[in-house]
Amino acid sequence: MATVLILGATSDIGVAIAKKFAAQKFDIQLAARRQEQLEPLRSDIIIRYGVSCSVHAFDALKYSEHAAFFNALSPCPDVTVCVFGMLDEEDLAFNDWQLTERMINTNYTGAVSILNLVAQNYIAKQKGTIIGISSVAGDRGRASKLIYGSSKAAFTTYLSGLRNKCFKEKVQVMTVKPGFVYTKMTENQPLPGSLTSTPEEVAGIIYKAYQKKKNVLYVKWFWRYIMLIINSIPEFQFKKMTL
Amino acid sequence: MKKHIANWGNYPVVESNEESFSFPDQLRRLMDEQTSFIPRGNGRCYGDASLAKRTISTLKYNKILSFDEAKGIFACQSGLTLDQILEVIVPKGWFLPVTPGTKFITVGGAVASDVHGKNHHIDGSFSNHILEMDVTLSSREILTCSPVMNPDLFEATCGGMGLTGIITRVSFQLKKMETSFIRQKQIKAANLEELIGLFETHQYYTYSVAWIDCLKKGAHFGRSILLLGEHALLTDLSEKQKQDPLRLPRKKQINFPFNLPAWVLNAFTVKAFNYLFYTKNFKKEINRVISYEPFFYPLDAILHWNRGYGKNGFVQYQFVLPLEAKQGLVEILNRISDKGLGSFLAVLKVFGKQESIISFPKEGYTLALDFPIRPGLLAFLDELDLVVLRYGGRLYMSKDARMKPEVLETGYPDLGKFKDIVRKYNPDGRIHSLQSDRLFLTSN
């Protein structure tokens, strides 16, 4: 059976994606910074879905360890889902370089470091799927998502380039841009119910799009049009707005 | 984030800051802040038990930790709901040892309310099947407890409405079954006298419960339908059912999309409903083999059925009276019928013996009724409380949103002991709810 690697499996969306693929009888490899936190999810997946599931320590910021981490995976995953990300209070980050740097390095540098390795492997095999969870926040820079948004913009651009590079090599790359999602990351923000999805909905939509080999996926679909409108506002006007 | 929350009765509604955790260290951090809180599961208790200015939700702490398919021992984190457990255990030939009338409750909630089911007279309440559990105290220490390990903590946590700490892990014994079907017997009783006789004749049935039409007077006072059930054996099944004897019921749910206006429920419509419910059974007795779903969870098929009571919400009133106090049952049903305050559901069941300090069940008859919130209702319920106490009964805290502290104190003779244990494990009183404040359970 095919195997899926979840990078960032302690996040709410990571958990939901792992369960969705397990329910479709994929074997699961869970990776996160703190491996011991993954044990309950591992037992849960094995008992519920009867698939095999392993846990692995992975730190997005320890670039030098990424190759050893990926090479040690057995079997080598057929699908790699990159879910990890970091969102802190932007006002805090703006005045604290260390926080800014960690956000950029988690959301962009760390993701590029591991996905380069995964892509090299898949290109060599001429087979494989990479799914990157970016964000609608990367579609246009806003004061309220200054660092997070720009790091996700870089990640979106990377995924788009990677898709272009991998197309001839029979490797599928999908960019996922969720809008508002009810997660621990957003627990303290007031979110408009009609525009907000649950992690389980996001995972279900991602799985369907994976089957259909989609390139860029907005979750939910109407975010594509919301972002279209936001992107069409002229900059001289946009800069005066509070968003 | 601050939002308005309510439990199943939609009464009361309060503004609360609700936070969740997925890992023990996140819980430690949440408990670190010096503010007080109450743990909260799926919000299916009816009143104000899991409401407070700050609530800590267990819903994301919901992983299955182990399942011994040979011995039927199941362990999970406390935020897992019973419907998810059923999906895993039923195909393997196991069932919940005790289940309430909804499967949308968390395991933590099942312990905190020490829920009972249609089999209480045979199998006791949920706590009778717990092997051990972890409770995270307000000091953030995690204690494992069972009937033999830290037994005082165990005793006060079962039925203790979350006041001893946050239940984080529960290990319990499941019940073996040959098929996922129920052999159901349905008997019509013309009045209360006949119903009580039927309960006695059929006391060896594993599952039993009765639906009473409490608006009927005279010779038909207490007109009702008694539902009895046993787990069906392979030999009970039809050829079609035998093809998949441990099948899970298909998910079919209707949503109640909005609150009904409060005037929809009045004496006339409730009478009509009860009439239809009773007379749709033409025969005196009906025997069928059906899926476990409609037998145990008839109302789960309608999501948000609580909206049927209107946006003001409702109170569910559940009490237990000792076996010898049948007259009390008559008196209470009479008062309700005289008042015409109406109820879709009046559910009667017999409890077996139970030894516990704060759990609701004790030997006797328990009756549960819904009352939409109306002017005059609360005063009327205060009157009923006095009748319940006069006959030596007590009320169920999981359903309660309004009883007075002295009603609890009279009904639960071990209340002092319970308060002492709560103080021992929750010494700074940081864990408290609207209900525990109202009932003086946690005030130091």
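I count two residues as in contact if their C-beta atoms, placed from the backbone, lie within 7 Å. I keep in mind that this is a predicted model.

**Entry 1, where the chains meet.** With that cut-off, I looked up the contact between the two chains and found 12 residues from chain A and 12 residues from chain B. I then sorted the chain A side by class: 4 nonpolar, 4 polar and 4 charged residues touch chain B.

I went looking for the largest nonpolar core, and it has 109 residues. Val111(B) and Leu367(B) have the most contacts inside it. Strand β18 of chain B, residues 314-321, gives this core its largest share, 6 residues. I also noted a second, separate core of 65 residues, with Ile6(A), Ala9(A), Ala137(A) and Val219(A) among them.

Which residues does Val111(B) touch, not counting residues up to four places away in sequence? My list reads Phe126(B), Ser127(B), Ile130(B), Met133(B), Thr157(B), Cys158(B), Ile167(B) and Val170(B).

I traced an open sheet of 8 strands with antiparallel pairing, in the order β16-β12-β14-β13-β19-β20-β18-β21. At its edges I found β16 (285-291) and β21 (394-395), each pairing on one side only. I then checked β13 (residues 207-212) against β19 (residues 346-351): they pair in the antiparallel sense over 2 bridges. For Ala210(B), the bridge partner in β19(B) is Leu348(B).

Last, I followed helix α6 of chain B, residues 192-201, which lies across β12 (181-189), β13, β14 (224-231) and β19 of that chain. I noted that α6 runs at about 145° to β12(B).

Technical notes. Residues numbered from 1 in each chain as written. Chains lettered and ligands numbered in written order. Predicted model: local features only at pLDDT ≥ 70, side-chain atom pairs only at ≥ 80, totals over all residues. Core = buried A, V, L, I, M, F, W, Y, C linked by C-beta atoms within 7 Å. Buried ≥ 20, exposed ≤ 12 C-beta atoms within 10 Å, placed from the backbone. Helix = DSSP H or I, 4+ residues; strand = E, 2+ residues; numbered from the N terminus. Nonpolar A, V, L, I, M, F, W, Y, C, P; charged D, E, K, R; others polar. Pairing = 2+ DSSP bridges. Axes fitted to C-alpha atoms, helices over the stretch in contact; angles between N-to-C directions.
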